[in-house]
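Please look through the sequence and the model shown below before reading on.

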Amino acid sequence: MIPCFLKKRLLRSQAVDNHESPTAHKDTDQTKPQADKNSDVYADNNRLVNTSYSKAPISQIYRKLSGQALSISVKPKLLGELPVLNDDEQILTFYVLQDYSRSNSILIDLQTGEHKLPPALVGVKDAAHNIDENAAIIFLHHPKASDEQLSPRLARLVAATLQNPELKIRLIPVSILWGRAPEKEDSLFKLLMTDNWEDPSFTKQLFNIGVMGRDTFVQFHAAQDLRTIIYRSLNEGLDESASAATSNNSSIVNTNDLADSPIKQAMENTDLATNLAKTSKQLSEDKESAPQSPTSSASLSVSESTTDSSQALIPVADANRELLRSLQYQLDVYLDKQRASMLGPDLSDRRNLVDKLIYSPAIKHAIEKEATETGVTEHQARDIARGYANEMVNNYSYPIIRVFERFLTWLWTQLYDGVEVHHFERVRALATDHEIIYVPCHRSHIDYMLLSYVIYKRGLSIPYVAAGDNLDVPVLGSLLRGAVAFYIRRSFRGNALYTAVLREYMHTLISRNTPIEYFIEGGRSRSGRLLPPKMGMLAMTVHSQLRRTNKPVVFIPTYIGYERIMEGGTYIGELKGKPKESESLIGLLKVSRKIERIFGNVHLSFGTPLHLSDFLVKFDVEADSLPADRTDTPFDKKANAMVDNIGVKIMQHINKAAVVNPVSLLSLVLLSAPKAALDEVICRELIALYQGIARHLPYADDTIVTDMSPQAIIDYGIKLKLIERIPHILGDIIQVAGKQAALLSYFRNNILHVFILLSFLAALVARNGRIKRSRLDNIVSQLYPFLQSELFLYYPAHGLQAVLDQKIDNLIEHGLIVELEDDFLSAPAANSSRYQQLQVLATPVEQSLERYFMTLALLAQQGSGNLTESEVVDLCHLLGQRLSVLYADDIPDFFDRSLFTSFVNALIRLNYLQKDEETGVLTFDQRINNIAHHAKYILTPDMMQILQQVASLDEKEILHAITEISNKKQRKFGRKR
């Protein structure tokens, strides 16, 4: 980079004596033609050629024939998005590549033509600014460059920019990958065909074209303003007032924003431009006695200016070279980072990686500890640790990746109408300078392949996926290990050595800047709601960062939404108590029979990134605070609290990135209607209403709402065979197709959080006819923490009042609530369509409140100090199953044990329940009844009576139920072992 003293000298140059003689300016004008002769990148040291391709017929023929030949062998794939370019004709465009090769030049020219970008192999001429280049490509490492490998063309463009304040030049960095296989650390192939050669040989170029031609990738990165890059370089290290004038966070900066910058004022000063270029006369004289580098020749040619003696200590030519070196270094590093984000780190042989793990200081310590505690020898403990490492370590194989890419491209075409991706640009912006941790929700086994496929196809390095060892089955397990997976046991509590090996492996991956993906829920959701986060992998990630890593960690919460799901029937069966089927090759073949079915679209939405550094500051946890050579250093209370908070925030951000797709919206509407059926006209109106409510006051900025019309949504549901149209003379009826209600509840639950508070407010108004606003606010505030815990709502409790006011106003604006005098809210007229819509909107929240009331009724009936936490959850789960079968149309929500666990945990966290740490027995006071009292404002008397009856169990029934549940758990545990 530019030393501070040089930068200051460059900026002080505006203080040079302004009283230059007219002769100096005359000499300057006379020397410009000579300078132009010394500016061509392809010229000999003593000759200039200023011919562009547009004036060279032979070059045109060569270019055309070469392009046609290359297009036959090379089929490049475009990665990422094309840069958005200003149509200003005064802006000159140049493409920046790292290494020179003729094939790269022609390839870029073909790509610019195909994608309607400014041409690359056409001369760029701007007589007003003395620019005449025979191509629009800058090679940072050109074989004809000298002066420590500085780019001659870049030198000329920088000089022209400094001389002409009005000149606009944009640079578009371009990455070209002849194959996307990460390089091996010790590879004969890398030695023979390395890209680091100064001048790629003819053999190397033929190899790239012949072997890698069909596996070639091109990415055009964001355009960067050359003047802005110069500003940043000169600005570095100066006082704060100057640095505040330059943006360091944007790839493209509007130079008009820097109008008052001292740097801009300095650089626009003619004396400075003259001072920066004054060496040309001396260079011309030196040519006769010593050969000059193209860069030196390219430094602008104007006559010397008068400088005072204090400025003459540093030759301006040195300052020129230092500035150019800094700019080239920045571009080089930028392209290196982009390449690393696309390829990932160099790979180590799997056996070598296992050896490095086992002999690392952290694992040596763990082995010694294991030997001491268990009585085995260190050699035996090391063999055990090696076995653990062999179980989990990935065996990345690029050929397998290529096979999966082609297979999955075919598979998605067979299964889905399309894969819609949202907000991926935020991931790309972070990939070069951060350790990326993808934390998606887990809906299906398809998630593993789908997310990796999307990331890979968009030009970023494929993440290593933490997969349960239940997927390590014959054939499939090896393929997944060679592609994306590293396997971990489903449970390893108490196994200190296994934990140490896994932590060290995670630390190795993170230290090598390998992107990682894990499912923070721990398993697939069977109900469509998010499951409570499992903190194990998250804690290991934080632990690694606190042991010191190369890049800051950033979590990418990712929402995955389906419109049909392969495992749908299996999920419903498992929720209702059917034993979970183990993964096997036979199971895979069974699933393959569904490939010809229609599964609609699948949606991936990348949520707002969560930076670990922000949490370190928030919880006052010191960075790099754990010893680097230990895996067993425990967290303190602040670090533990931080991990818990990160887990909750990840879940909330996943829900904020939700996609309200046609199927989930249709499911929400129909399952809220009596008998899951609606007149088609009313169905359309309700769909339009829900869309309008969600768009008028979005759940979050990242939330996506389908723009499909209500009628198109209905037709789409019929196409997917999820609903059916029943013709009727008075108007067609839309109803849920046979046996699809349970499955549709899964998709409804995907977006339930988006509408739950609206539903809660609607229920309070609909069930009471009219209610005072303050009373409504009080009831919602009392029950909100339980809904927040169940659905990971992101609204903070202390700011809930403002949120409720906004949502009430939204309902008023849509005519679903009427605002009366004296702060009362009322339902619309009972015979109006808005009243019917209010009743439908009020339904979704009811099942959650029914579960809460049933649990509270059970606690109140059994009394304080009589049941443990696990007994309460087990009994509620049992009662929920019975209630669902008898009264709730067999909807599986009551079968989901995690919902009862979440509610009981929330009661404990909020201190409504007190848990004895030794016995697990729960105690409580009158406040439990106070919470239950709010149910009467929402639930009908008939439903409350049913819940009371279901929860009424005598001591004998309680004992019998607990015994049966205990026996069932023991049998299940025995099967697992």
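This is a predicted model: local features need pLDDT of at least 70, side-chain atom pairs count only at pLDDT 80 or more; totals for chains, interfaces and linings use all residues.

Residues are numbered from 1 along each chain as its sequence is written, and side-chain values use heavy atoms, with hydrogens and water left out.

**A sheet and its helices**

- An open sheet is formed by 3 strands in the order S18-S21-S20, with antiparallel pairing; strands (E, at least two residues) and helices (H or I, at least four residues) are DSSP runs numbered from the N terminus, and two strands pair if DSSP finds at least two bridges between them.
- Strand S18 (677-679) and strand S20 (723-726) stand at the edges with a single partner strand each, so one side of each has no neighbour in the sheet.
- From one strand to the next the twist averages 20°, where angles run from 0 to 180 degrees between N-to-C directions and axes are lines fitted to C-alpha atoms, for helices over the stretch in contact.
- S18 pairs with strand S21 (residues 733-736) over 3 bridges in the antiparallel sense, and Asp-679 has Ile-733 in S21 as its bridge partner.
- Helix H29 (residues 680-696) packs on the sheet and touches S18, S20 and S21, its direction making about 100° with that of S18; contact means heavy atoms within 4.5 Å.
- Helix H30 (residues 710-719) lies across S20 and S21 and runs at about 110° to S20.

**A pair of helices**

- Helix H16 (residues 361-374) and helix H22 (residues 496-511) have axes that come within 10 Å and cross at roughly 180°.
- That makes H16 roughly antiparallel to H22, a term for angles over 145 degrees.
- Ala-362, Ile-363, Ala-366, Ile-367 and Glu-370 in H16 meet Leu-497, Ala-500, Val-501 and Glu-504 in H22.
- The residues of this contact between H16 and H22 divide into 7 nonpolar, no polar and 2 charged; Ala, Val, Leu, Ile, Met, Phe, Trp, Tyr, Cys and Pro count as nonpolar, Asp, Glu, Lys and Arg as charged, and the others, Gly among them, as polar.

**Loop residues with positive phi**

- Asn-130, a residue other than glycine, has a positive phi near 60°, and its place is in the loop between strand S3 (124-126) and strand S4 (131-133).
- Asn-130 counts as partly exposed at 42% relative accessibility, since buried means under 20% relative accessible area, exposed over 50% and partly exposed in between (1.4 Å probe, protein chains only).
- Asp-624 has a positive phi near 55°, lies in the loop between helix H26 (612-618) and helix H27 (637-656), and counts as partly exposed at 35% relative accessibility.

Note on methods: Angles under 35 degrees count as roughly parallel, over 145 as roughly antiparallel, 65 to 115 as roughly perpendicular and the rest as oblique.
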